[in-house]
Amino acid sequence: MKTFFKLFATLFLGLFIANCSNDVDMEVASQDAQTPVTRGVSAKTPKLTTYIETNDINPLNMGEYYFTGTDPKDYVVDHVILFASNIRGTKTTVELYHNNNQSHILANVNTLVRPLQDKGIKVLLGLLGDHTGIGFANLTSAQIDSFAQQLADCVATYGLDGVDFDDEYAEYGKISGTPGQSGTIFSQLVVRLRELMPNKLITAFRFGNAVGFNQDALDALDYMWPDFSFNQPAPAGFPNSKWARMSIHYTDNRPADRYIQSCAQNYGDAGAIMMFNVRNTDASAKMNLFASRVWGGKTVSWTGTSHPKDY
């Protein structure tokens with residue numbers, strides 16, 4: 001019986017073709033499209049989300065942090081955001097675009113994404129504007145449907161765990177005749193994507209038009225991070241369990257270390273911590289500014305393995 005179901009699943013995946021809109025490196029084997037089976041990282045709150053600049057960092061580096069003394073290793077990072085693919089478009093079209101580095105990762109998910117998921121780490125596609133005048137917040141209804149479907153297809157094709165929105169660099173107003181940017185339009189995109197991805201993660205950086213999310217969009221989100229700050233209260237209507245009171249820019253020392261420690265001392269019931277631009281060297285010292293305070297005395301260790309970006 002198990003053999004029959006495995007055969008049926010293989011045949012079904014071979015027939016199912018779901019494409020991201022970018023034309024580069026789309027020849028992904030059917031095995032890459034299988035949804036991974038993962039175990040929990042650690043039953044802990046707050047969750048730790050890290051953004052990886054994929055133009056220069058191998059995402060596998062985020063699987064090298066574990067709680068000191070655990071055997072087997074209890075991994076620390078909960079979510080890795082592949083930063084970033086882009087929204088591009090014209091007055092009437094919209095496209096999900098991946099540069100060469102993102103395309104390479106997606107075409108090689110078995111070696112660059114699955115090892116993280118096998119450790120229980122969720123991997124999300126990061127999304128960012130791309131100077132074309134089209135962004136998440138000035139789409140027509142038809143463009144909302146198209147872009148949401150492109151995102152859902154991409155997540156399904158590559159077996160990813162969701163998407164993250166960062167409303168920057170769209171250059172709204174560059175194209176005449178487009179809808180005016182608004183949190184309402186961005187909210188409609190988030191809600192439509194939730195309809196298409198009921199069991200995947202949808203997260204957002206609270207910047208730009210994300211500040212104007214309506215209640216429907218807030219309800220559709222799994223997590224949201226503030227703009228590199230600490231001790232910010234959750235937006236009205238958004239639960240603390242989905243909010244990162246601490247948002248850390250790793251390479252820019254924002255906020256300063258003393259503020260991270262202060263915030264962590266009384267972190268309350270906030271459900272997440274975000275670290276942006278974590279590198280391929282040991283980041284455990286930064287993590288240990290808050291680890292023992294928010295995770296009940298635990299400390300973080302690094303395996304010592306640094307994965308080069310060899311693509």
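This is a predicted model: local features need pLDDT of at least 70, side-chain atom pairs count only at pLDDT 80 or more; totals for chains, interfaces and linings use all residues.
**Entry 1: helix 5 and what follows**

Next I checked the helix length. Helix 5 has 18 residues, which at 1.5 Å a residue should span 26 Å, and I found its end C-alpha atoms 26 Å apart, so the two agree.

Then I asked myself: which residues of helix 5 are buried? The list runs Gln-143, Ile-144, Phe-147, Ala-148, Gln-150, Leu-151, Ala-152, Cys-154, Val-155, Thr-157 and Tyr-158.

In soluble globular proteins, nonpolar side chains tend to be buried together. The largest core here has 77 residues, and the members that touch the most others are Phe-165, Phe-213 and Phe-290. Helix 5 (residues 141–158) supplies the largest share of this core, with eight residues.

Leaving aside residues up to four places away in sequence, Phe-290 touches Leu-48, Met-246, Ile-248, Ile-260, Ala-264, Ile-273, Met-275 and Trp-295. I also noted a second, separate core of 15 residues, with Leu-128, Leu-201, Trp-225 and Ala-244 among them.

**Entry 2: aromatic pairs**

How many aromatic pairs does the structure hold? I got 16.

I opened the pair of Phe-136 and Phe-186, which is stacked, with 5.3 Å centre to centre and 25° between the planes. These two come from distant parts of the chain, 50 residues apart: Phe-136 sits in the loop between strand 5 (122–129) and helix 5, and Phe-186 in helix 6 (residues 183–196). Buried or exposed? Phe-136 has a relative accessible area of 0%, so it is buried. Phe-186 counts as buried because its relative accessibility is 0%.

My other pick was Phe-230 with Tyr-259, a stacked pair at 5.0 Å centre to centre and 20° between the planes. Phe-230 lies in the loop between strand 8 (223–225) and strand 9 (244–249), while Tyr-259 is in helix 8 (residues 257–265), so this pair ties together parts 29 residues apart in sequence. Phe-230 is partly exposed at a relative accessible area of 25%, and Tyr-259 also counts as partly exposed, at 34%.

I found one aromatic cluster formed by Tyr-51, Phe-83, Phe-205, Phe-207, Phe-228 and Phe-276.

Last, I looked for charges over rings. Arg-88 lies over the face of Tyr-97, 3.6 Å from the ring centre. Arg-245 lies over the face of Tyr-267, at 5.4 Å from the ring centre.

Definitions and conventions. Residues are numbered from 1 along each chain as its sequence is written. Side-chain values use heavy atoms; hydrogens and water are left out. A nonpolar core is a set of buried Ala, Val, Leu, Ile, Met, Phe, Trp, Tyr and Cys residues joined through side-chain atoms within 4.5 Å. Buried means under 20% relative accessible area, exposed over 50%, partly exposed in between (1.4 Å probe, protein chains only). Helices (H or I, at least four residues) and strands (E, at least two) are DSSP runs, numbered from the N terminus. Contact means heavy atoms within 4.5 Å. The expected span of a helix is 1.5 Å times one less than its number of residues. Rings of Phe, Tyr and Trp (its six-membered ring) pair if their centres lie within 6.5 Å; planes under 30 degrees apart count as stacked, over 60 as edge-to-face and the rest as tilted. A charge sits over a ring if NZ of Lys or CZ of Arg is within 6 Å of the ring centre and within 35 degrees of the ring normal.
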